[in-house]
Amino acid sequence: MDARKLERFRGCEAFLACPVCGAPLALEGRALRCGAGHSFDVARQGYVNLLRGGHTGAGEYDRASFAARRRVFEAGLYAPIAEALAGAVAELVCAPASAGQGRGADAGVIAPAFALGEKGTLGETVAAGEKNAQPAPLVLDAGCGEGYFARAVRERTGAAVAAFDIAKDSVQLAAGAAAEDGVAWFVADLAAIPVQTGAAACVLNVFSPANYAEFARVLRPGGYVVKVVPTERHLQELRAAAGAQLAHDSYSNERVLRHFEERCELVVRRRVGATFELESDVAEALAAMTPLFFHVDAALVNMAVVSEVTVEADILVGRRA
Ligand SMILES: [Zn+2]
């Protein structure tokens, strides 16, 4: 196995909890072991399956759908969202002192810059932290899919990132993508995340269902949930092309937002996205990956008329009470 894939799990005893007994799990050889002797092998691709009973499910996201997602991510359609997400983590979690400035006493919804500085600037922030022997803050990605956003946050912020999904196929793809990514990848139950109580500074929840009670458990007091939800304009061109085949011809994330506000103190809501010209193969990959089309007969949709697409999301940042 590539040694860099084992290195992903070095030091994980600081936050990881055995799914059987809850004790810290540490890397020993090519497995993670707890003090009670429960052992979980690091798979060849560089992830660890921490699901009890081994019930992994991909649901409607099958392997072809994940490959399509990768093509869409490579085309850069989600790059503005990844950039904003990394900016939020950098500002709120990696450099909280500077993030506090300018926020003032207004507890309402504020749009911070989320402006990711030049890479060098961010690197200096992280390096300064290391000089003070501060361990990198822990960011969890709950529902990481094929890992695009977890990799982006790790690469751009230097935070320690552990990423979880219940779908083994997706975690295999995520872990196998880039040996040097420095992300610890796990197959796990998102209703019982195998992380010690209060260990995380931030939970990311990107285009994925939330379990707010579990997020609150793994977060330290004052930690953040950063949730990404599609807006009503997201993929509107695909929606129009599918037309009558869709049960709902519009979408609103207001209900998701209300639920979020009931469970966390909303500190930031920021809309981010762009409209892109589409290569035809990317249009087809997009149609293959989107849950919007899971119950649509793709053969009946004329993708040739889709020449551009809007990818847009709201980034919701909530503070753990
Ligand atoms: Zn154990």
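This is a predicted model: local features need pLDDT of at least 70, side-chain atom pairs count only at pLDDT 80 or more; totals for chains, interfaces and linings use all residues.
Residues are numbered from 1 along each chain as its sequence is written.

The chain holds 11 helices and 11 strands (DSSP runs numbered from the N terminus, helices being H or I of at least four residues and strands E of at least two). Of its 321 residues, 43% count as buried, that is, with 20 or more other C-beta atoms, placed from the backbone, within 10 Å of their own.

Strands of a sheet pair through backbone hydrogen bonds, either parallel or antiparallel. Here, two strands pair if DSSP finds at least two bridges between them. An open antiparallel sheet is built from 3 strands in the order E1-E2-E3, with E1 (26–28) and E3 (39–41) at its edges. Strand E2 (residues 31–33) is joined to E1 by 3 bridges, and the two run antiparallel.

A second open sheet has 8 strands, ordered E4-E7-E6-E5-E8-E9-E11-E10, with mixed pairing. Its edge strands are E4 (47–49) and E10 (265–277), each pairing on one side only. Within this sheet, E6 (residues 160–165) and E7 (residues 184–187) are parallel and share 4 bridges; Asp165 has Val187 in E7 as its bridge partner.

Methods:
A residue is buried if 20 or more other C-beta atoms lie within 10 Å of its own, exposed if 12 or fewer, and partly exposed in between; C-beta atoms are placed from the backbone.
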